[in-house]
Structure formats: C-alpha cells, structure tokens
Amino acid sequence: MRGMAWDDPYRIRTWQELVQWINEVGFLPLFANGVPDFSVEEHVSPGFWWTGDREQDPWEWREIIAASHEVAYGKFFDQKAGFISLAWLPCFANFRRNGYDFDARWEDGRASAREKKIMDFFLAEDTKGNSLFMNQQVLSTDLKRMAGFGKEGEKNFPGIVTQLQMETYLVISEFRRRRNRRGIAYGMPVSILLPPESIWGYDAVTAAYSEEPRASWKRIFDRVRELYPHADAKEILRLIGKEPGSST
C-alpha cells in the first residue's frame, strides 16, 4: 500500500478529516490510480488497512463515512470505490446519466433489462404517475435474490450494480452484517444500496440537469486538472469517463 509516514503532518488522521478533505477537493478515489496523489490511499498511514481499528483503518472509515451521508460513497471511478461531495454529486449525476432519470433512460432504450430488474426494487409511482424513490434498506445479498439474480436467474449481479453506481443511479448508503435466525450478527459487513435521491432528495441530486451533460463533464475534468496539472489526460479520462458524445 502507498501512503504517508505516521509522523507526516499532512497525513489524514481521522475519518472526519477525510470528509473535510473530500469536500475541499470535491471527489476522491479510495485507492491509488493513474493520477498520482489523487486517492485516499496516498494520504493515510499504510499500516492500518484491514486491521479493523475503527479509529485508524481507512477501510473502516469508508463504512463510517458511507453511513454518515455527509458525502456519497460508491464505485464511481473506473468501476472502483471512491467519494463524491454533495456539492459535486449533481455534476456527476448529470454527466453520468446524460440527463436521464432511470425511468426515462429505460423508456428510451438506453438501460438494460438487468439494470431495470434492480432499479424496479427502488422505484414506484405516485397517483399522478411521478417516480418515487423508495428507501428500501436491504442487504445487497438479499437484493440480489429479490431482483431475480442467482443460480436460476439473471447473471452478473456485481457487474450490474457497479454499472448503476458508475451511472450514479445507486450509491452505497451503509454497511451491515448479516444475522442468523437468533439475530446474532456474523460474517463481513455487506453493503446496502440506495438511489441517491432517496437519501438527499431529488432536487439536490438533479440540480445540474439544467446544463448540458458535457458542461458537467468538463467541470469534473477541469477540477482534476486544476488539482493535478501534470496528470496524464488519458488517466483522468480513465477515472471520470469520456466526454459525452465522444467515441475515443
């Protein structure tokens, strides 16, 4: 693991400090990538990963931060985990969704049937036919079964939910451990997925819909360039995604 020395004054020491930094930079991958220094990994101590120490382990911090809802957490960067501040989430939603709510994306033939099976679990309609985002808090292992995936059903549940996170239709809202019939928790924590609208509200998430998706994409690209002016453009694109309408 990369990281900073324990006594480095710039090392991030708490999950609260990490949230503060995410809000300062706007968005941040969890692990090191092709843009040097643009990750949580490179700014924390490398010696505490996967230790279970809630005070020092960045792997534990991601659970705490996801549940805090102070920023968004999910697989947002090249299908890998990271954080997006609430100020920048509308830009990502507008760009990644290309201006489409999920139901409109489906009606326009741009969403797959497997994506719809998952999103149907979270979407309903009011009496006027408007979409409602349901706060259905179930473990992703249960969602897999409920959405019809598994041995006798649809395949590639992990890949489809990753894609829905990349498109910002789902985020990881928290982690919980499974419980046996006696109510005793066991095993590793499992993610709970939710539409961001059910956490922060439709208006907040879609606040950038008024601008062209390309404009939102450019804001994101320019922000990375502002922070890391020597970063390779191809590596930035690998993380954030290609310009809307681009075939290269």
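Two strands count as paired if DSSP finds at least two bridges between them. Helices (H or I, at least four residues) and strands (E, at least two) are DSSP runs, numbered from the N terminus. In this predicted model, local features need pLDDT of at least 70 and side-chain atom pairs count only at pLDDT 80 or more, while totals for chains, interfaces and linings use all residues. Residues are numbered from 1 along each chain as its sequence is written, and side-chain values use heavy atoms, with hydrogens and water left out.

**Sheet**

- Three bridges join β1 to strand β3 (residues 80-85), and the two run antiparallel.
- Within that pair, Pro 29 stands opposite Gly 82 in β3.
- The open sheet has three strands in the order β1-β3-β2, with antiparallel pairing.
- Its edge strands are β1 (27-29) and β2 (71-77), each pairing on one side only.
- The twist averages 25° from one strand to the next; axes are lines fitted to C-alpha atoms, for helices over the stretch in contact, and angles run from 0 to 180 degrees between N-to-C directions.
- Strands of a sheet pair through backbone hydrogen bonds, either parallel or antiparallel.

**Aromatic rings**

- Rings of Phe, Tyr and Trp (its six-membered ring) pair if their centres lie within 6.5 Å; planes under 30 degrees apart count as stacked, over 60 as edge-to-face and the rest as tilted.
- A search of the whole structure finds 20 aromatic pairs.
- One of them is stacked: Phe 31 and Trp 50, at 6.4 Å centre to centre and 25° between the planes.
- This pair links distant parts of the chain, 19 residues apart, with both Phe 31 and Trp 50 in the loop between β1 and α2 (58-68).
- Trp 50 also pairs with Trp 49: the centres are 5.3 Å apart and the planes stand at 45°, so this pair is tilted.
- Ring pairs link Phe 27, Phe 38, Phe 76, Phe 77, Trp 88, Phe 92 and Tyr 228 into a cluster.

**Exposure of the ring residues**

- Buried means under 20% relative accessible area, exposed over 50%, and partly exposed in between (1.4 Å probe, protein chains only).
- Phe 31 is partly exposed, at 26%.
- Trp 50 is partly exposed, at 49%.
- Trp 49 is buried, at 6%.

**Charges over rings**

- A charge sits over a ring if NZ of Lys or CZ of Arg is within 6 Å of the ring centre and within 35 degrees of the ring normal.
- The charged end of Arg 11 sits over the ring of Trp 6, 4.0 Å from its centre.
- Arg 62 lies over the face of Phe 175, 4.4 Å from the ring centre.

**Leu 193**

- Leu 193 is found in strand β7 (residues 185-194).
- Leu 193 is buried, with a relative accessible area of 3%.
- Beyond its neighbours within four places in sequence, Leu 193 has contacts (heavy atoms within 4.5 Å) that include Phe 122, Val 138, Leu 143, Val 161 and Ile 172.
- Its C-alpha atom is separated by 37 Å from that of Asp 7, 186 residues apart along the chain.

**Glu 70**

- Glu 70 lies in the loop between α2 and β2.
- Glu 70 is partly exposed, at 39% relative accessibility.
- Not counting residues up to four places away in sequence, Glu 70 touches Trp 15, Val 19, Asn 23, Ile 65 and Leu 86.
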